[in-house]
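Let's walk through this model together, one feature at a time. Bring your questions along.

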Amino acid sequence: MFTLPALPYADNALAPVISANTLSFHYGKHHKAYVDNLNKLVAGTEYESATLEKTITETAGKADKAGIFNNAAQIWNHTFYWNSLRGNGGGLPTGKLAQMIESDLGGFDNFRKEFAATTVSQFGSGWGWLAVEGGKLKIVKTGIAEVPFTKGQKPLLTIDVWEHAYYLDYQNRRPDYVNAVIDKLLNWEFAAENLAKG
Ligand SMILES: [Fe+2]
C-alpha cells in the first residue's frame, strides 16, 4: 500500500503566497487522490509492494502502464513540491549551490529569470525544475506527471504549474504565482540536501 506522506507544515504556512484553501485542496484532495488511485491500480500486481521510485522507473514510457506511472509520479512530484517550499523561504542559496548557480546558470538574477520563464512556459499541466545533469545545474520543465530522474537528471527543486496549484489564488495569472513562489517560498536548504545526495 502506498501512503500519503504528511505535509511538512500547516495548511496556512505558505500564506499569503499560497493560501490555506489552495493547500488544503491541493494536498487533501489532489495529492490524496493520486495515492488512492495508485493503490487501486496496483492491487494484485507486481507493484503492490514496490517502492514508489521503482514503480515510477519501471513504468516510465510504457503505454500499457500509463495509469500506474501517472499516479505514482504525481505522488512523488507532490511530495517533492511540498518539500521544495517553506514559509519565509526564497532569498539566496549559499555554499556550493550558490557557486554552481554562478558558474552554470550565469548568476542568481539569471537563474531567477530563467527558472520563471521556463516554468511559466510549460504548455498545459506540468512542472518546472532545478536539476543536476552531468554535474551541472539545469532548468527543465516536464509535462503532466513526467519526472526528471527517469531521464538521468537529479531534481533539486520543483514548482507545480497544474492549474490546481494556483487557480484559486491567482486565476490565470501563472507568472504571478511562479514569481512569488521563487521569491518567497523556495526552500534552498532542501535543494542543498538534494545536491549533496549521491
Ligand atoms: Fe499539483
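Predicted model: local features only at pLDDT ≥ 70, side-chain atom pairs only at ≥ 80, totals over all residues.

## Reading the fold and its core

Q: Which residues of helix α7 (residues 174–184) are buried?

A: Buried here means under 20% relative accessible area. In α7, Arg 174, Tyr 177, Val 178, Ala 180, Val 181 and Ile 182 are buried.

Q: What does Tyr 177 touch, not counting residues up to four places away in sequence?

A: Its partners are Ile 18, Tyr 81, Ile 159, Asp 160, Val 161, Ala 165, Tyr 166 and Tyr 170.

Q: How many residues does the largest nonpolar core have, and which have the most contacts inside it?

A: In soluble globular proteins, nonpolar side chains tend to be buried together. Here the largest nonpolar core has 63 residues, and Ile 18, Phe 111, Tyr 177 and Trp 188 have the most contacts inside it. Helix α3 (residues 66–84) gives the most to this core, with nine residues.

Q: In what order do the helices and strands come along the sequence?

A: The protein has eight helices and three strands, in the pattern α-α-α-α-α-β-β-β-α-α-α.

Q: How does the radius of gyration of the protein sit beside that of a compact globule?

A: For 198 residues, a compact globule would have a radius of gyration near 16 Å, and the protein agrees, with 16 Å. Of its 198 residues, 47% count as buried.

Q: What share of the contacts with a separation of 6 or more links residues 24 or more positions apart?

A: Such pairs account for 68% of those contacts.

Key:
Residues numbered from 1 in each chain as written. Heavy atoms only, no water. Core = buried A, V, L, I, M, F, W, Y, C linked by side-chain atoms within 4.5 Å. Buried < 20%, exposed > 50% of the residue type's maximum accessible area, 1.4 Å probe, protein only. Helix = DSSP H or I, 4+ residues; strand = E, 2+ residues; numbered from the N terminus. Contact = heavy atoms within 4.5 Å. Rg over C-alpha atoms; globule rule 2.2 N^0.38 Å.
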